[in-house]
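Colleague: I have a model open and want to learn how to read its features. Could you take me through a few?

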Amino acid sequence: MLPRAVRRAVVQRCATSSRYPFTASFATSSSRRSEGKKKEDKVEDRINYNDNYSFSDIPDPEHVKYKRVTANDLENERRPPRKVKMLVRDFIEDSLYNPNYGYFSKQATIFTAREPINFSSIRNMAAFEREVAERYAEYGADGDGPGKQIWHTPTELLQPWYGRALARCLVSEYLLKYFPYEDFVIYEIGAGNGTLALNMLDYIQEEYPDVYERTRYNIIEISENLANLQKSKLQSAHPCVTIHNKSIFRWDVREPAPCYFVAMEVIDNFAHDMVRYDLRTLEPYQGLVTIDANGDFSTYYTKITDPLIDSFLSLRRYLNHPPPVHRLLKLSPTFRTFYTNLPFAPNLSPPEFIPTRLLTLLRTLRQHFPRHRLLLSDFSTLPDTIPGVNAPVVQTRYQNTTVPCTTLLVKQGFFDIFFPTHFENLRDMYEHILAQPLPPADVDAQGPRVTPLGMTASPLAAGNSFFSSFHPKNRRPPVDGIASSSGLPVGERKSAVYAHAEFMRTYADLGRTRLRSGENPLLDTYENVKFLF
């Protein structure tokens with residue numbers, strides 16, 4: 001039966017991987033040699049073959065001496081590297097996005113329906129799941145070795161109605177605030193094969209031709225293959241589309257106009273860092289992955305030296321988002337001493353995966369898209385995650401079956417790695433970053449922008465509280481020279497978190513996806529997905 005909760009769903013699921021536990025010390029190794037020669041005639045497994053716990057505070061000296069690299073350093077490598085070490089986020093990013101052997105570059109295939117599902121002809125949800133399973137089966141049976149890495153999104157499964165709901169949401173905001181004085185500018189990242197853009201633009205063209213004439217649709221796509229697919233699919237039908245084949249993390253062009261930034265099921269594949277806390281001092285340590293000469297993996301931990309990790313942890317402290325350490329350990333040094341001196345007690349907390357690349361995205365939006373409105377959707381919870389806090393699902397397909405793993409340390413390029421998102425924490429981070437002033441150099445570079453919605457009065461910073469010092473909590477600080485749609489100097493509405501069904505009830509044409517039984521896949525599937533808007 002097709003699971004409702006996970007995007008990369010298939011007909012059946014099985015877990016055949018053995019558990020690979022994270023060590024409870026500063027050093028772990030998948031290839032630690034036993035002292036002395038034992039059972040020399042035994043053939044050892046060369047892939048993560050030794051997952052014994054180690055209670056030594058000293059990492060393997062050979063691994064510590066390896067060259068430190070980043071995912072950017074490995075972009076030109078034809079094969080996964082050996083005898084190197086890197087932060088966990090670089091290991092994940094290299095595994096997923098390396099142009100020569102990354103999962104999305106070489107393995108992943110987006111499930112594409114040959115034609116939209118006729119929902120009104122389907123009896124109930126069980127029949128709907130069988131219909132999806134049959135469409136998966138059209139991709140054929142897997143042979144020996146890793147199978148076809150097929151996954152689907154609500155855009156593909158529920159087309160065109162899912163994309164039309166998003167378009168209706170954005171158009172309603174645009175008509176309220178900017179039409180007809182500003183162009184309707186949209187940026188999308190992670191556009192896949194372009195189905196969402198096609199469905200949204202078709203809707204705007206059919207229902208709002210005046211808005212369509214002012215539409216500029218931009219796609220920022222890291223994959224060259226997908227960028228070419230998007231061009232062939234979109235640019236002939238909609239000349240207003242522009243494809244930018246580059247990573248959003250390397251974006252360096254400022255968009256001064258009001259715009260809408262769309263990220264549908266993208267941030268789950270953003271690389272995370274791994275941190276653990278010393279249970280004696282509560283000091284955080286950053287995790288690194290080492291790869292030896294045989295391609296075997298290890299992890300070890302050092303004090304925080306990475307600026308991005310340090311910045312994320314500082315922001316979390318400022319926002320009062322607590323670290324995942326038990327309350328008694330945080331409150332009592334005496335209890336920490338007692339606990340860590342117990343026999344076989346761990347000296348580090350369980351691993352926590354922190355969304356450092358997501359923080360980079362938020363900063364990019366603040367710097368290069370100062371007047372954007374963000375529409376973002378992704379998983380809030382996931383089943384079958386590996387051990388840890390905010391841990392990812394690591395899975396692959398083998399002989400038409402999805403196989404979830406219990407470790408992050410897997411062969412680069414053959415496994416999907418995707419994370420849940422804590423949307424309430426994301427909202428707090430996002431609003432805090434948007435409230436920060438831009439550096440003076442960025443403000444000077446931006447310069448004045450002439451617009452009919454601009455104000456000729458004195459800057460708002462000097463007079464926005466002239467009549468009242470009250471500022472609504474659900475509004476952002478006003479921007480100098482920019483009035484709201486009512487003409488008053490009040491800030492934009494802050495973002496809010498919505499459940500998937502709540503968002504769809506507001507903007508979707510639910511009659512189009514209702515089954516004969518009255519059930520509705522647009523509402524009943526993806527219950528573990530949320531929206532930020």
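This is a predicted model: local features need pLDDT of at least 70, side-chain atom pairs count only at pLDDT 80 or more; totals for chains, interfaces and linings use all residues.

Colleague: Let us start with the helices. At what angle do H10 and H14 pack, and how far apart are their axes?

Modeller: The general idea comes first. Two packed helices are described by the angle between their axes and the distance between the axes. Here, H10 covers residues 307–318 and H14 covers residues 423–435. They pack at an angle of about 100 degrees, and their axes are 11 Å apart. Angles of 65 to 115 degrees count as roughly perpendicular, so H10 is roughly perpendicular to H14.

Colleague: Which residues of H10 and H14 meet?

Modeller: From H10 come Phe312, Leu315 and Tyr318. From H14 come Met429, His432 and Ile433. Of the residues in this contact, five are nonpolar, one is polar and none is charged.

Colleague: What span should H14 have, and what is the distance between its end C-alpha atoms?

Modeller: Take 1.5 Å a residue. The expected span is 1.5 Å times one less than the number of residues, so the 13 residues of H14 should span 18 Å. The end C-alpha atoms of H14 are 18 Å apart, which agrees.

Colleague: Which residues of H14 are buried, and what covers them?

Modeller: Buried means under 20% relative accessible area. In H14 that applies to Phe423, Leu426, Met429, Tyr430, Glu431, His432, Ile433 and Leu434. The cover includes H10 and helix H13 (356–368). It also includes strands S14 (372–379), S18 (497–499) and S19 (529–532).

Colleague: Now a sheet. In what order do S15, S16 and S17 lie?

Modeller: The order is S16-S15-S17, in an open sheet with antiparallel pairing. The edge strands are S16 (401–404) and S17 (416–418), each pairing on one side only. From one strand to the next, the twist averages 30 degrees.

Colleague: How many bridges join S15 and S16?

Modeller: Four, in the antiparallel sense, with S15 running over residues 393–398.

Colleague: Last, a single residue. Is Val84 buried or exposed?

Modeller: Val84 has a relative accessible area of 7%, so it is buried. Val84 lies in strand S3 (residues 84–87).

Colleague: Beyond its neighbours within four places in sequence, what does Val84 contact?

Modeller: Val84 is in contact with Tyr66, Lys67, Val69, Val289, Thr290 and Ile291. Thr70 is 14 residues from Val84 in sequence, and their C-alpha atoms are 9.7 Å apart in space.

Terms used:
Residues are numbered from 1 along each chain as its sequence is written. Side-chain values use heavy atoms; hydrogens and water are left out. Axes are lines fitted to C-alpha atoms, for helices over the stretch in contact, and angles run from 0 to 180 degrees between N-to-C directions. Helices (H or I, at least four residues) and strands (E, at least two) are DSSP runs, numbered from the N terminus. Angles under 35 degrees count as roughly parallel, over 145 as roughly antiparallel, 65 to 115 as roughly perpendicular and the rest as oblique. Contact means heavy atoms within 4.5 Å. Ala, Val, Leu, Ile, Met, Phe, Trp, Tyr, Cys and Pro count as nonpolar, Asp, Glu, Lys and Arg as charged, and the others, Gly among them, as polar. Buried means under 20% relative accessible area, exposed over 50%, partly exposed in between (1.4 Å probe, protein chains only). Two strands pair if DSSP finds at least two bridges between them.
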